[in-house]
Amino acid sequence: MIKVSETAKKKVIELMQDDGYNPSTDYIRVGVKSGGCSGLSYDLKFDKENQEGDKVFEDNGVKIIVDKKSFLYLIGTTLEYSGGLNGTGFVFNNPNANRTCGCGESFSL
């Protein structure tokens with residue numbers, strides 16, 4: 001399961017509407033790919049449909065899709081949104097990450 005904080009929910013809905021997606025029927029796709037300074041990086045985008053093998057969740061009114069491979073790395077993660085002085089953007093609080101980079105966009109297990 002992936003959780004979505006209240007601040008992330010508000011920003012996801014705003015961005016989905018700005019990009020022509022419907023927050024009540026469309027999804028936010030969360031994944032992991034190779035790269036970044038710690039070895040793995042997070043991938044976040046909007047999607048209108050799920051693919052075979054995808055895990056589908058809903059938390060805090062946000063529909064989330066995760067591919068099967070990425071799900072193993074993301075179990076228990078909370079998606080948050082930071083608008084503070086240290087930068088603006090989505091933040092993944094991943095309990096599975098042993099090490100993260102300074103920017104918070106990549107991690108290793």
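# Salt bridges, a helix and a loop

Let's start with a pair of charged side chains: Asp 54 and Arg 29 form a salt bridge, and their closest N and O atoms are 2.8 Å apart. A salt bridge here means a side-chain nitrogen of Lys or Arg within 4 Å of a carboxyl oxygen of Asp or Glu. Asp 54 sits in the loop between S3 and S4 while Arg 29 is in strand S2, so this pair ties together parts that are 25 residues apart in sequence. (Strands are DSSP runs of E with at least two residues, helices are runs of H or I with at least four, and both are numbered from the N terminus.)

Before going on, keep in mind that this is a predicted model, where local features need pLDDT of at least 70 and side-chain atom pairs count only at pLDDT 80 or more, while totals for chains, interfaces and linings use all residues. Residues are numbered from 1 along each chain as its sequence is written, and side-chain values use heavy atoms, with hydrogens and water left out.

Back to Arg 29. Its side chain also meets that of Asp 47 in a salt bridge (2.8 Å, N to O). Asp 47 lies in strand S3 and Arg 29 in strand S2, so here the parts tied together are 18 residues apart in sequence. Buried means under 20% relative accessible area, exposed means over 50%, and partly exposed is in between (1.4 Å probe, protein chains only).

The structure holds five salt bridges. Another of them joins the side chains of Lys 48 and Asp 26 (3.3 Å, N to O). Lys 48 is in the loop between strand S3 (40-47) and strand S4 (55-59), and Asp 26 is in the loop between H1 and strand S2 (27-34), so the pair ties together parts 22 residues apart in sequence. Lys 48 is partly exposed, with a relative accessible area of 49%, whereas Asp 26 is buried at 7%.

Now for helix H1. Which of its residues are buried? They are Ala 8, Val 12 and Met 16. Seen down the axis of H1, they fall within an arc of 65 degrees (taken from the directions from the helix axis to the C-beta atoms), so they line one face of the helix. The face turned away from the buried side of H1 carries the exposed residues Lys 10, Gln 17 and Asp 18. After H1 comes Gly 20, whose phi is positive, near 85 degrees.

Finally, look at Thr 77, in the loop between helix H2 (68-74) and strand S6 (78-84). Thr 77 is buried, with a relative accessible area of 1%. Its side chain reaches the backbone oxygen of Leu 74 at 2.9 Å. Leaving aside neighbours within four places in sequence, Thr 77 is in contact (heavy atoms within 4.5 Å) with residues including Met 1, Phe 92 and Asn 93. Asn 93 belongs to strand S7 (residues 87-93) and is partly exposed at 36%.

Methods. Polar contact = N/O pair within 3.5 Å; in protein donor to acceptor, adjacent residues only side chain to side chain.
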